[in-house]
Amino acid sequence: MTFPIVRHRRLRQSAAIRGMVRETVLTVDDFVQPIFVAYGSGIKKEISSMPGVFHFSLDNLEEEVKEIVELGIPAVLLFGIPESKDSVGSSAFAENGIVQEATRKIKSLYPDLLVIADTCLCEFTDHGHCGMVHTFERDGHVCGDVMNDESLGLLVRTAVSQAKAGADIIAPSNMMDGFVQAIRAGLDENGVSHVPIMSYSVKYASAFYGPFREAADSAPQFGDRKTYQMDPANAREALREAESDVLEGADMLMVKPALAFMDILRMLRDQFDLPLVAYNVSGEYSMVKAAARQGWINERAIVTEMLLGMKRAGADIIITYFAKDAARWLREGK
Ligand SMILES: [Zn+2]
C-alpha cells in the first residue's frame with residue numbers, strides 16, 4: 001500500500017492563505033520599550049554599544065515618550081542612573097529619586113502610558129550588586145557576600161516609593177529569595193495593593209547583559225551575580241524559581257534573557273497560567289545592530305523572526321529595545 005503525498009504546500013500557495021493559517025501574530029500591544037533616565041539637563045546621549053538607545057535627562061524625556069505613545073506602544077520600563085551611589089543604594093528609594101521623578105513626569109504627560117519600574121539596587125549601589133553586601137578580604141582581594149534578608153527591606157522601600165510615585169507595575173529584578181512576598185506585603189501595607197508585580201522570576205547569570213552594564217553603569221565592582229542569578233545550564237531550577245514566585249503572589253513571570261532561553265519560556269508557558277514576559281536583552285540587541293551595520297543581515301527580518309520566536313515560545317509580553325522599530329515595521333507592513 002502506498003500513501004498519498006501529503007500536500008503541505010496547499011496551505012502555503014498564497015499570501016492570503018498563509019495569513020489565514022498563521023499561528024502567531026506580533027502586535028504592538030506585545031511590546032515594552034525600556035528607557036534610561038539620567039540626572040542633569042539637556043542630555044540625550046547614545047549608549048555606544050546600543051545604537052539607537054539613549055540616556056535622557058528628565059527635561060528631554062518628553063520627546064522620547066511622545067514617540068512611544070504615538071507608535072501605540074502600551075508600556076515603558078524605567079531604569080535610572082542616579083547622581084550619586086552608596087553602599088545601600090539610597091537613591092533607589094529616595095522620594096525624589098530619578099526613577100520616581102521620571103515616573104511622575106511621564107504619568108503627568110501621558111496618564112495612559114503604563115510605567116513599569118525596575119526595582120533593584122545595582123544601578124544605585126557603589127559596589128554594583130543587587131543588594132546589601134558584606135565585604136571581606138581574601139588573599140588580598142576584596143570579596144563580598146550579598147546579604148539576602150537584609151536586602152529585602154531596601155527593595156520593599158524602593159518598590160513602595162516607585163508605586164507611590166505612580167508606577168503602574170513593579171518589576172523586581174534582584175532574584176533575592178523571598179523578594180516577591182516581601183514586596184507584595186510592602187505594597188499592600190502602604191496603600192498601593194492595586195499595583196501588580198512583574199517578577200524577574202527566572203534571571204540567568206548571562207553574558208548577554210554586557211551592554212546594559214555600560215548603559216546603566218552597574219557592573220559589579222567585585223565578584224559576580226552567580227550566587228543570586230541562575231546558571232544557564234539549568235532548566236528545572238527555573239520551574240522551582242517560578243513556582244515560588246507564584247506562591248509568593250507574583251502577577252506576571254519573566255524569563256531573562258530570551259534568545260538562548262526559548263525552552264524556558266515554553267516550559268513556563270506550559271506549567272503556569274500567569275502572563276509570561278520575555279526580556280530581549282541588551283546583548284541580543286547589540287549583536288543584531290552590529291551585524292546590520294556591517295550589512296551582514298537584514299535587520300527588520302531578523303528582529304521580526306526573533307520577536308515572533310519569543311511569542312511562539314509562549315511570551316505574552318516582550319520587553320525589547322527594538323519596540324519602537326518593531327512598532328514602526330508593523331505599521332508599515334499593513
Ligand atoms: Zn540588580
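Is serine 282 buried or exposed? Serine 282 counts as buried, because its relative accessibility is 1% and the cut-off for buried is under 20%. This is a predicted model. An unreviewed UniProt entry places the feature "binding site" at Ser282 and Tyr321. These two positions are spread over 40 residues of sequence, yet they cluster in space. The largest C-alpha distance is 7.3 Å.

**Serine 282**
- Serine 282 sits in helix α9, which covers residues 282-293.
- Its side chain reaches the backbone nitrogen of phenylalanine 212 at 3.0 Å.
- Leaving aside neighbours within four places in sequence, serine 282 is in contact with Met50, Phe208, Tyr209, Gly210, Pro211, Phe212 and Tyr321.

**Tyrosine 321**
- Tyrosine 321 lies in a loop. That loop runs between β12 (317-320) and α11 (323-333).
- Tyrosine 321 counts as buried because its relative accessibility is 4%, and buried means under 20%.
- The side chain of tyrosine 321 makes a polar contact with the side chain of tyrosine 279, at 2.9 Å.
- Not counting residues up to four places away in sequence, tyrosine 321 touches Gln33, Pro34, Phe36, Met50, Val53, Phe212, Tyr279, Asn280, Val281, Ser282 and Tyr285.

**Where the two sites meet**
- Serine 282 and tyrosine 321 are in contact with each other.
- Met50 and Phe212 are among the residues in contact with serine 282, and tyrosine 321 touches Met50 and Phe212 too.
- Phe212 also supplies the backbone nitrogen that the serine 282 side chain reaches.

Key: Residues are numbered from 1 along each chain as its sequence is written. This is a predicted model: local features need pLDDT of at least 70, side-chain atom pairs count only at pLDDT 80 or more; totals for chains, interfaces and linings use all residues. Side-chain values use heavy atoms; hydrogens and water are left out. UniProt positions are given in the numbering used here, feature names are shortened, and annotations may be inferred rather than shown by experiment. Helices (H or I, at least four residues) and strands (E, at least two) are DSSP runs, numbered from the N terminus. Buried means under 20% relative accessible area, exposed over 50%, partly exposed in between (1.4 Å probe, protein chains only). Contact means heavy atoms within 4.5 Å. A polar contact is a pair of N or O atoms within 3.5 Å; within protein, one must be able to donate a hydrogen and the other to accept it, and residues adjacent in sequence count only if both atoms are side-chain atoms.
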